[in-house]
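Reader: I have a model open and would like to go through parts of it. Can we start with the helices and then move to the strands?

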Amino acid sequence: MNMQRPSDCTGLILSGGGARAAYQVGVLSVIAELLPAGAANPFPVICGTSAGAINAVALASHARNFADGVDRLQEVWSQFRCEQVYRSDWPGVTAQAWRWARANLLGFPSAQPTALLDNAPLRKLLERTLKFGQIDDSLQSGALRAISISAFGYQSADSINFYQGVERISPWARHRRVGVQTRLGLEHLMASSAIPLVFPPVLLNREWFGDGAVRQQAPISPALHLGANRVLVIGVSDNLSNQPVGGRRGPRLRTAPPPTLAQIGGHLLSSTFVDNLEADVELLERMNRLAGYLPTGSRYSGKGVRQVEVQIISPSEPLNLIAARHRKSMPRSLRAFLRGSGVTRASGGSVLSYLLFEAEYCQELMELGRRDALAKAEALQRFLGVLCPLQAPTEVDAHAGGA
């Protein structure tokens, strides 16, 4: 039986991945159902990157009632359209393509950074739907200890973790990893979700920032720095769930065709959004095994190697295949613009899985998240039941503890 330790603190890690973050909402909806009605946020520390940072802010701003925050996320994601995230109309797409080509191919200087897509609609959506002032209310009420948003500094080449806490939390500086305490706002979210080349970088404190997943060597680290010693990781890659038997892929029966630009771009995006999280989880598991050899009292002392309980939920089905099935739901202007790169073919599903902010696709990812979370409902109940420090125990829990 797992025993609660006085210093226990649970962290929630919401990784980046563009439209793939809809999967996280499905998982969160099951967690909300497992908690008692009206329960507060069960995660004192919440860390988000890219689109996961948007989900993190929504949860943090509704931390006093976890289900309300999840309901708000479900409402937004289930009705998403690409036009709410980036310009997808013909004038918007062609104008942005011309600005990008003029600056990057023809060499004409531009006062503002350029990108393939104009994400001004996302800024308007976040301004309308998120209440950053409520984060402070959550912190003051005790429903939240800290929230962190990751972004990448193009000048410093550092992964910067902007965090907000109710009290002074010591900043940290590691190799290419820095923690900065601040009051979070819209610009931090826009910076964290600025996918390289796809969306323009954002100026923050005299430095340009882009997507927080870039060079994020240790995605779990911010939660540990903010006090968590057990974490729930909601990933957006099926690699964590579907490892090949024996660690090796099956043989190829015939030569594959040359990769399209979309396939190459898909691998580059995956290396940005997925690979670092998988490597960090693997490293943490190795450190836990090492900590297991230490005396019991020293495993949680905060000195040397600490043991960190990790619960992982990630897609049980390839998201690129799901995206490929919905490729015709992408706006016609974007299909025409991206056809030459191979995005509109079945093989372009990987890139599409990050950019397809369409309700049909997002709803299927949410449903997949629900199925995967329900399949691990017993493990989730144990994980959440061990520690809910911000939620008063119910009468049933009190009797169970006495037994």
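Reader: What covers the buried residues of helix H5?

Author: The cover on the buried residues of H5 (120-129) includes helix H2 (51-61), helix H3 (66-77) and helix H7 (186-192). Contact here means heavy atoms within 4.5 Å. Helices (H or I, at least four residues) and strands (E, at least two) are DSSP runs, numbered from the N terminus. Note that this is a predicted model: local features need pLDDT of at least 70, side-chain atom pairs count only at pLDDT 80 or more, and totals for chains, interfaces and linings use all residues. Residues are numbered from 1 along each chain as its sequence is written, and side-chain values use heavy atoms, with hydrogens and water left out.

Reader: Which residues of H5 are buried?

Author: Pro121, Leu122, Leu125, Leu126 and Thr129 are the buried ones. Seen down the axis, they fall within an arc of 135 degrees, so they line one face of H5. The arc is that of the directions from the helix axis to the C-beta atoms. Buried means under 20% relative accessible area, exposed over 50%, and partly exposed in between (1.4 Å probe, protein chains only).

Reader: And what is exposed on the other side of H5?

Author: Lys124 and Arg128. As a general point, an α-helix has 3.6 residues a turn, so residues three or four places apart point the same way.

Reader: On to H4. Which of its residues are buried?

Author: Gly92, Val93, Gln96 and Ala101 are buried in H4. They sit on the same side of H4, because they cover an arc of only 155 degrees around the axis. The face turned away from that side carries the exposed residues Pro91 and Trp98. Helix H12 (332-338) is included in what covers the buried residues of H4.

Reader: How far apart are the end C-alpha atoms of H4?

Author: They are 21 Å apart. H4 (residues 90-104) has 15 residues and should span 21 Å at 1.5 Å a residue, so the two agree. The expected span is 1.5 Å times one less than the number of residues in the helix.

Reader: What caps the N-terminal end of H4?

Author: Asp89 does, with a side-chain oxygen 3.0 Å from the backbone nitrogen of Gly92.

Reader: Strands now. Is S2 mostly covered or open?

Author: S2 (residues 45-49) is mostly covered, with five of its five residues buried. Val45, Cys47 and Thr49 are on one side, and Ile46 and Gly48 are on the other.

Reader: Which strands does S2 pair with, and in what sense?

Author: S2 runs parallel to S1 (residues 10-14), with four bridges joining them, and parallel to S3 (residues 146-153), with five bridges. Two strands pair if DSSP finds at least two bridges between them. Cys47 in S2 is the bridge partner of Ile13, and Val45 stands opposite Ala146 in S3.

Reader: What about the antiparallel partners of S3?

Author: Seven bridges join S3 to S4 (residues 159-165), where Asn161 stands opposite Ser150. S3 also pairs with S8 in the antiparallel sense, over three bridges, and Asp211 in S8 is the bridge partner of Ala151.

Reader: Which residue in the hairpin of S3 and S4 has a positive phi?

Author: Ala157, near 60 degrees; the hairpin has five residues between the strands. Most residues other than glycine have a negative phi.

Reader: What is the phi of Asn205?

Author: Near 50 degrees, a positive value. Asn205 is in the loop between S7 (202-204) and S8 (207-211), and counts as exposed at 66% relative accessibility. Arg206 lies in that loop too, with a positive phi of about 65 degrees, and is exposed with a relative accessible area of 83%.

Note on methods: Polar contact = N/O pair within 3.5 Å; in protein donor to acceptor, adjacent residues only side chain to side chain.
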